[in-house]
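Dear colleague,

Please find below the structure that I am handing over to you, followed by an account of what was found in it. I would be grateful if you could read the two side by side.

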Amino acid sequence: RPLPLIETALERLRTKGILAPTMIHIERLVWIVLKIAERRLLRTLTLSLTLEQRTRLDSLLLADTTIRGATRLSWLRQPPGITSPKSIKRLVERLLFLRELSLPALPTTLHQNRILQLAHKCNKYQAQPLLNLPRDRRHSLLVTHLFELSQDLTDQALDQFDRLLGELLRKGERRQEKHLRIN
């Protein structure tokens, strides 16, 4: 990850005619810049979160007795299952739950690839390890993950609805053909 930044730093020093320090110093400088950039990113993602929203995010990581002791995060991540009205209903319930969290929109200044990267990183974590992360890091990962999850759940619900509707249309056409053949 830092290698391209080290190369860029060396190239900039060359083009400006500045004598490059030792490689160790350049590596340290790049790591410092990376840490500063990460802190800014976390601050950008969590700045608009209220205390209530932060509490809601943390509650996603705790066991919930209403869903058999699982966490809300694991419940939100469950696969949609086979196409049926019941699975569409479950997807819609999850989407409504995400909407009720009333999280702020992601800053438009962030690059989409960075948002995806953070969302995928959060997806690799289970609830307990997420709880052990520092607060701003945990909340920024959850915000991006829930944003992407909301989009994925919407896509899944639309796909399932489309498949279900297509199946109903095919059944109707077969019944109509059968009716025409008989009569």
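Which residues does Leu60 touch, not counting residues up to four places away in sequence? Please note before the reply that the model is a predicted one. In this model Leu60 is in contact with Thr71, Arg72, Leu73, Leu76, Phe97, Leu101 and Leu146, with residues up to four places away in sequence left out of the list.

Leu60 also belongs to the largest nonpolar core, which holds 30 residues. Together with Leu57, Leu76, Leu130, Leu142 and Leu146, Leu60 touches the most other members of that core. At least two residues of the core are supplied by each of helix 2 (23-46), helix 4 (72-77), helix 5 (85-100), helix 6 (112-123), helix 7 (127-131) and helix 8. Helix 8 provides the largest share, 7 residues. Another core, of 6 residues, lies apart from this one and includes Ile6, Leu13, Ile26 and Val30. As general background, nonpolar side chains tend to be buried together in soluble globular proteins.

Turning to the charged side chains, a search of the whole structure finds 9 salt bridges. One of them pairs Asp58 with Arg138, with the closest N and O atoms 2.9 Å apart. This pair links distant parts of the chain, since Asp58 lies in helix 3 (residues 51-59) and Arg138 in helix 8, 80 residues apart. Asp58 counts as partly exposed because its relative accessibility is 22%, whereas Arg138, with a relative accessible area of 9%, is buried.

A salt bridge also joins Asp64 to Arg72, the closest N and O atoms being 2.8 Å apart. Both partners, Asp64 and Arg72, are buried.

Through salt bridges that share partners, Arg54, Arg135 and Asp136 are joined into one network.

Finally, the surface carries a nonpolar patch of about 300 Å², made by Phe161, Leu165 and Leu169. Leu165 is located in helix 8 (residues 135-182). With a relative accessible area of 39%, Leu165 is partly exposed.

Yours sincerely

How values were computed. Residues numbered from 1 in each chain as written. Predicted model: local features only at pLDDT ≥ 70, side-chain atom pairs only at ≥ 80, totals over all residues. Heavy atoms only, no water. Patch = residues over 30% accessible without salt bridge, like charges linked within 9 Å, V, L, I, M, F, W, Y side chains within 5 Å. Areas by Shrake-Rupley, 256 points an atom, 1.4 Å probe, with all protein chains shown as cover. Salt bridge = Lys/Arg side-chain N within 4 Å of Asp/Glu carboxyl O. Helix = DSSP H or I, 4+ residues; strand = E, 2+ residues; numbered from the N terminus. Buried < 20%, exposed > 50% of the residue type's maximum accessible area, 1.4 Å probe, protein only. Core = buried A, V, L, I, M, F, W, Y, C linked by side-chain atoms within 4.5 Å. Contact = heavy atoms within 4.5 Å.
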